[in-house]
Amino acid sequence: MRSADIALSRETQVLVGAVRWFVGAATDDELAELLRAGPDWEALLEQAEREGITGLVARALEGLAQRGHLVPALERWHAATRAVAASNMSALSELAALRVMLRREGRTVILLKGAALLDDEYGGHVGLRPLGDIDLLVRPSDLPSVAGWLRSRGYEPVSSSSPFFSRGVVSFDLHTEIVGSDWVRRKAHAFRLDPAALWREAIPLEPDDPTTLVLSPVHLRLQLVVHALKHSYSRLIWLVDLALVLRDAPWPTLLEQARASGALRPLAYAVSALALLLGLRVPAAVREELPALGPLERAFLRLVARRRGVETPGELLVALSIPGALGKAAYLAELVFPHRHALARHYPMTPSWLLYPRRAVRLVSLGLQEGTKLWYRRGG
């Protein structure tokens, strides 16, 4: 499967070209050539916002603004980037306030995903990487304290048992594990990231503050690989994250840990998606260590590369990382109909006796929604 086999819209080609430019895989001239085709600028901005890459595309376009009439006025792009920066700064300000409480009470959290990447991978430019929410890994014993602090600041959970707290444009998502086994417990059978090792090997976000940590370099990469698969790489920003952290990956250690934790197939998907869509390659010796992909997995990667916006297949593919046919079947059954306590948290206003009927209706709706996307985009 080659990138040349993937038909992309003109706007998607420009966005992918801008991403490749941002991660150092394309030149100004290559991006300029894509712009000469004359994209629909309105559609381009809307798609960039959906993909979470408005700021980095704006930066790429700024470098070409002096080349004839390739780039129109960028006021709307700059305004959209400022909106991302303002939202992020509000979230980071609240995180700073939380860190004061953590220092006062001697508690520790691990900052996850986008917020953990801002300084090192995005150079501290808060408009380049939208956060959406602040994801924190919290020890179960510290969860009541952190949740209580959020409530005292006016944050409300989406349900009485939910770890997701919102107040206006700022949200905190509290995790006690990082592979998603709170929704599907059997997911822990696929990805076995040792909680004790996560905490033991985590490093301070800032040298003088031991209360706020980030995952070790290897654990950070594995967590991003698993998280992006969960969402089927449905936003380009998640592929940007992966491109940035994998371009200088400590491959021998990463492969060893991926194999030990059951994340080797998700790592193979990430590497293949980056190669197919962005043209990023890993050393041949690394490719030889990754598992060969079957027809179903290659079809999934074609969906990813065509930017179908389909989110569900990634969770289904997790089954391939679970040993044994019975283990795979049990995971898929739980994915379709999770345990009652998980559904109760997901559907907080639904009576207990209606949880599974509502889940069935949701599955039918989701199938129609995702199927419609594929039908109307089947040629693109």
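Q: Is Phe172 buried or exposed?
A: This is a predicted model, where local features need pLDDT of at least 70 and side-chain atom pairs count only at pLDDT 80 or more, while totals for chains, interfaces and linings use all residues. Residues are numbered from 1 along each chain as its sequence is written, and side-chain values use heavy atoms, leaving out hydrogens and water. Buried means under 20% relative accessible area, exposed over 50% and partly exposed in between, using a 1.4 Å probe and protein chains only. Phe172 has a relative accessible area of 0%, so Phe172 is buried.

Q: How many aromatic pairs does a search of the whole structure find?
A: Rings of Phe, Tyr and Trp (its six-membered ring) pair if their centres lie within 6.5 Å; planes under 30 degrees apart are stacked, those over 60 edge-to-face and the rest tilted. With that rule, the number of aromatic pairs in the whole structure is 4.

Q: Which residue forms a stacked aromatic pair with Phe22?
A: Look at the two rings: they are 6.1 Å apart centre to centre, with 25° between the planes. That makes the pair stacked, and the partner of Phe22 is Tyr122.

Q: How many residues apart in sequence are the parts that this pair ties together?
A: Helices (H or I, at least four residues) and strands (E, at least two) are DSSP runs, numbered from the N terminus. Phe22 sits in helix α1 (residues 10–22), while Tyr122 is in the loop between α6 (113–121) and β2 (134–138). The pair therefore ties together parts whose separation in sequence, in residues, is 100.

Q: What is the angle between the planes of Tyr155 and Phe172?
A: These two rings form an edge-to-face pair, 5.5 Å centre to centre. The angle between their planes is 85°.

Q: Which strand holds Phe172?
A: The pair links distant parts of the chain, 17 residues apart. Tyr155 is in the loop between α7 (143–152) and β3 (156–157), whereas Phe172 lies in residues 170–175, strand β5.

Q: Over the face of which residue does Arg139 lie?
A: A charge sits over a ring if NZ of Lys or CZ of Arg is within 6 Å of the ring centre and within 35 degrees of the ring normal. Arg139 is 4.0 Å from the ring centre of Trp199.
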